[in-house]
Structure formats: C-alpha cells, structure tokens
Amino acid sequence: MGLTIRDVAKAAGVSTATVSNVLNKTGKVGHTTNRSVLSAVRRLGYVPNAHARHLASHTGRTLGIIVSDIENPFFPEVIKSFETRARELGYDAILSDTSYDPRRIREATDRMVEHKVRGVAVMTSEISMRLVHELARRRIAVTFLDLAPVREYMSNLRIDYFSGVQQIVSYLHAQGHRRIAFVAGRPGLKSNQVRLEAYEKCMRACGLEPGPVLPGDLRFEGGVAAAEKIVNLRPRPTAVIAINDLTAVGVIKGLLKAGCRVPQDISVTGFDKTRLAEYSNPSITTVDIHRDKLGQMAADALHELSGSETPHGREYQISAELIIGESSGPAPVDPALA
C-alpha cells in the first residue's frame with residue numbers, strides 16, 4: 001500500500017489534522033511543527049492525494065454541469081463549450097447526467113456538493129427549485145435555463161424559444177402548409193411546455209388550427225413512433241414540427257420507412273441545430289439556439305457569481321435563428337399526396 005497521511009503524522013509526531021493543515025495551508029501551525037511535517041513528507045517521499053486535498057479545500061477551482069441526456073447530441077456540444085470556457089477561466093469541470101430520471105437529480109446535486117464546486121450549470125428543467133435553492137444557500141453559484149427569477153447566487157439563461165417556434169411556423173405557412181403537426185417532448189419539462197405553447201399560439205396567429213399534437217420523448221424512438229401515427233392520419237399533415245433534432249431524425253426515419261418522401265410529401269423541422277441536423281439525410285431545417293455560446297455563457301455566469309462580493313445573479317439572453325435545411329419545402333400541390 002502507498003504512504004498515507006497517517007504515516008506522515010506518525011513520523012512527525014503530530015496528529016493527522018496537523019499534517020492536513022500544513023499541506024493545505026489551513027489553520028494555525030507553529031513554525032517548528034510546520035518544518036517538522038514538511039521534513040517528514042520529504043523524507044518519506046509522501047505525495048498528497050490531489051483529489052483528497054481538493055475535497056478538503058473550500059476554495060476549489062471546479063465548476064459542475066448537470067445535463068438531462070448525454071446521448072442527445074445537443075448536450076455534448078454544450079458540455080464541450082462549457083468545459084473549454086471553464087478551463088480558460090482556470091477551473092476544472094465535472095459532469096452529471098440524469099437521463100431524465102428525477103431520482104438522479106438528488107444524486108447529481110449531492111455529487112456537486114461533495115466536490116465543493118464553486119458553481120453548477122443546471123442544463124435541465126426537471127430539477128426542483130428546492131435543490132437549486134439548497135445549492136445557493138451553500139453559496140454555490142447556480143445558472144439554469146428559464147427555471148426561476150434571478151436572485152443571490154442564481155443567474156438565468158433565457159432562450160428565446162418563442163421566436164424560434166414562430167420562425168418555423170411562419171416559414172412553413174409561407175411555404176403553403178396549413179396542416180402542421182407537432183411532436184412534443186416530455187410532459188413536465190418547462191422548456192418542452194414553452195415550445196408547445198408557442199406552437200399553438202403561433203398557429204392561431206396564422207389563422208390555423210393547432211394540431212395534431214403527438215407525444216414524444218425527446219429521443220429518436222419517440223420520433224419514429226410519432227411518424228407511424230402521422231402516416232395514418234386523415235387528412236394527413238403536410239408538415240411536422242419536432243421538439244428537437246433527435247426527434248426530427250426519428251420522424252424522418254419513420255416517414256421514409258412508410259413510403260413517404262421528405263420533403264416532397266411531408267416537410268419535417270427540428271430544433272436546437274445540433275450536428276445531427278447537418279449530417280442527417282436530408283439535412284434538417286432547424287432552429288439555432290447557439291449551443292456553443294450557451295455553454296460558454298453558463299461558465300462565464302458561474303465565474304462572475306462565484307467571484308463577486310455581491311453575488312446577485314442576472315439574466316442572459318440567447319437568441320434563436322431559423323436554419324433552412326433540405327427536410328422542408330413547399331406543401332404538396334396535389335391533395336391526394338396528403
């Protein structure tokens with residue numbers, strides 16, 4: 001077994017707490033005792049456990065990020081930009097993935113506390129505000145996506161979901177589409193509900209009746225299942241708005257399998273502008289919410305809060321921009337195709 005702090009304490013004739021205070025430069029240790037401990041460290045060749053020293057320190061340089069689903073291509077890109085910016089600012093970064101499981105939210109929060117992070121970017125809306133407030137009470141900076149008003153130690157990243165959905169609906173309407181379906185996400189997630197409500201409001205603003213709205217799960221499989229229902233609808237929609245790009249890929253897969261052409265028979269759009277939208281065949285019409293800036297902005301917000309003498313949060317605005325791909329086009333001219 002390797003040397004431990006107990007071995008150093010025994011060699012120096014002091015307690016393990018004293019050795020810890022010397023190594024971490026905490027507490028009051030006399031000059032003679034300090035010299036004795038350092039001499040024992042050199043003599044024994046003891047190398048302090050960096051992880052243990054980090055946990056013992058209340059001034060750690062670590063930021064955490066909590067995401068919903070690491071398999072969703074949206075999140076790895078956000079994580080990458082978050083980690084890159086964190087390192088530029090002099091921090092390490094740790095990640096927790098909840099897989100949309102509320103039980104894992106508590107575990108993720110506890111992990112951040114155990115690692116004594118300076119701040120946490122909550123990139124999921126299924127976390128309870130009770131846990132967010134718990135982090136803030138511990139003076140851990142928190143930034144989140146549209147969960148609550150800003151307050152001490154808490155900043156908000158506000159994505160303009162409404163504008164993104166409005167741009168999609170207006171574009172499809174201009175292309176002649178009048179029956180536009182919506183494949184939703186998971187019930188209970190605020191960001192999903194906001195997009196659904198925006199779709200319904202924008203459809204009515206165009207003089208169109210919203211619907212049909214089909215259930216989804218933010219994943220590929222949910223998109224495929226929705227497409228299987230869409231092809232059997234009468235009258236059939238001429239366009240489908242998917243809650244995110246991963247769902248859109250599933251919808252396209254299901255439509256093509258059923259013999260529908262995309263976009264000649266049915267146009268499909270996504271949301272988030274992940275790499276998946278670009279690499280898909282056909283490429284997906286989607287909405288760019290600048291995921292690279294999102295991760296960077298989250299890290300900047302945490303750095304600003306954790307280093308401030310008056311850590312009152314603020315709101316950061318993130319715009320949305322429609323990106324036209326090959327998965328959408330004019331509505332079918334022949335009603336029989338619908």
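User: How many salt bridges does the count come to?
Analyst: The count comes to 14 salt bridges in this predicted model.

User: Ok, what does Arg-87 form a salt bridge with?
Analyst: Glu-83 is a partner of Arg-87, with the closest N and O atoms 3.4 Å apart.

User: And where do those two sit in helix 5?
Analyst: Helix 5 covers residues 74-88, and Arg-87 and Glu-83 are four residues apart in it, so about one helical turn separates them.

User: What's the relative accessible area of Arg-106, and of Asp-110?
Analyst: Arg-106 has 28% and Asp-110 has 29%, so Arg-106 counts as partly exposed, and so does Asp-110.

User: What about Asp-265, buried or exposed?
Analyst: Asp-265 is buried, because its relative accessible area is 8% and the cut-off for buried is under 20%. Its salt-bridge partner is Arg-261, with the closest N and O atoms 2.9 Å apart. Arg-261 is partly exposed, at 42%.

User: Back to networks: which residues do salt bridges with shared partners join?
Analyst: Glu-83, Arg-87 and Asp-92 are joined into one network that way.

Terms used: Residues numbered from 1 in each chain as written. Predicted model: local features only at pLDDT ≥ 70, side-chain atom pairs only at ≥ 80, totals over all residues. Heavy atoms only, no water. Salt bridge = Lys/Arg side-chain N within 4 Å of Asp/Glu carboxyl O. Buried < 20%, exposed > 50% of the residue type's maximum accessible area, 1.4 Å probe, protein only.
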